[in-house]
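Thanks for coming, everyone. I'll walk through one structure, residue by residue and strand by strand. Please have a look at it first.

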Amino acid sequence: MEQNQKRIIATNRKAYHDYFVEDKYEAGIALAGTEVKSIRDKKVNLKDSYISCKTGEAMLIGMHISPYEKGNIFNKDPLRTRKLLLHRREINKLIGLTQQEGYSLIPLEVYFLGSKVKLEIGLCRGKKNYDKRHTTAERDAKRKMERVMKERIR
């Protein structure tokens with residue numbers, strides 16, 4: 001297996017439904033050993049998680065990592081707050097961007113890059129209900145067009 005190959009573990013599909021993703025960043029996560037083993041088993045849920053940048057640190061809140069079955073006393077709380085590993089200037093930039101009206105930091109996917117666990121963070125702006133309907137209508141129209149084109153090829 002290639003050293004820098006990206007192996008996606010979990011994606012936050014709800015984030016793409018609820019937010020417009022303006023920009024993406026990559027961050028490391030401070031994890032315990034049993035949490036890494038659980039992530040290798042793909043027992044991660046990003047739904048309803050978000051990132052808070054306070055006191056000069058970026059913290060991941062609400063990400064659920066199931067306890068490792070063979071971890072016994074070494075298992076941590078599945079919903080504990082985890083520290084994100086970012087450079088100081090990146091954190092300062094993210095703090096400045098999130099203080100703008102309507103922007104928030106949402107985790108988009110968890111993946112392995114080599115042997116390290118990485119998190120893709122999205123700088124997101126919330127969608128209104130009519131935006132969600134518009135996106136759904138566009139997706140359905142695109143599917144319908146592809147179906148018609150596929151039938152014409154036959």
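Lys 6 counts as partly exposed, because its relative accessibility is 39%. The cut-offs are these: buried means under 20% relative accessible area, exposed means over 50%, and partly exposed is in between, with a 1.4 Å probe and protein chains only. Before I go on, this is a predicted model: local features need pLDDT of at least 70, side-chain atom pairs count only at pLDDT 80 or more, and totals for chains, interfaces and linings use all residues. Residues are numbered from 1 along each chain as its sequence is written, and side-chain values use heavy atoms, with hydrogens and water left out.

Back to Lys 6. It is found in strand β1, residues 6-11. Helices here are DSSP runs of H or I with at least four residues, strands are runs of E with at least two, and both are numbered from the N terminus. What does Lys 6 contact, leaving aside its neighbours within four places in sequence? Glu 109, Tyr 111, Phe 112, Leu 113 and Glu 120. Contact means heavy atoms within 4.5 Å. With Glu 109 there is a side-chain polar contact of 3.1 Å. A polar contact is a pair of N or O atoms within 3.5 Å; within protein, one must be able to donate a hydrogen and the other to accept it, and residues adjacent in sequence count only if both atoms are side-chain atoms. Now take Gly 126, 120 residues along the chain from Lys 6: their C-alpha atoms are separated by 28 Å.

Gly 126 comes up again with Asp 18. Asp 18 touches Gly 126, Lys 127 and Lys 132, not counting residues up to four places away in sequence. Asp 18 sits in helix α1, residues 13-18. Is it buried or exposed? Asp 18 is buried, because its relative accessible area is 17%. Its side chain joins that of Lys 132 in a polar contact of 3.3 Å.

Next, strand pairing. Two strands pair if DSSP finds at least two bridges between them. Strand β2, residues 19-29, pairs with strand β9, residues 116-126, over nine bridges in the antiparallel sense. In that pairing, Asp 23 has Leu 123 as its bridge partner. β2 also pairs with strand β7, residues 82-85, antiparallel, over two bridges.

Met 59 pairs with Lys 83 of β7. On its other link, β5 runs antiparallel to β4, with five bridges. Cys 53 has Ala 58 as its partner in β5. Look at the two faces of β5. Ala 58 and Leu 60 form the covered face, while Glu 57, Met 59 and Ile 61 form the uncovered one.

Now the turn. The hairpin of β4 and β5 has two residues between the strands, and Thr 55 takes a positive phi near 50° there. Why point that out? Most residues other than glycine have a negative phi. Thr 55 counts as exposed, because its relative accessibility is 76%. Lys 42 also has a positive phi, about 60°, although it is not a glycine. Lys 42 lies in the loop between α2 (33-40) and β3 (44-45). At 54% relative accessibility, Lys 42 counts as exposed.

Last, the spaces. On a 1 Å grid over the protein atoms alone, a cavity is a set of points where a 1.4 Å probe fits but cannot get out; a pocket is an open set with protein on both sides within 12 Å along at least five of seven lines; and lining residues have an atom within 4 Å of a point. Grid points are joined across faces, edges and corners, and a volume is the space filled by probe spheres set on the points.

The largest pocket holds about 160 Å³. Two or more lining residues come from each of β4 (50-54), α3 (88-98) and β8 (103-113). Which element gives the most? β4, with five residues.

There is one cavity of 30 Å³ or more. The volume of the largest cavity is about 40 Å³. Its lining residues are Thr 34, Glu 35, Ile 65, Ser 66, Pro 67, Tyr 68, Asn 75 and Lys 76.
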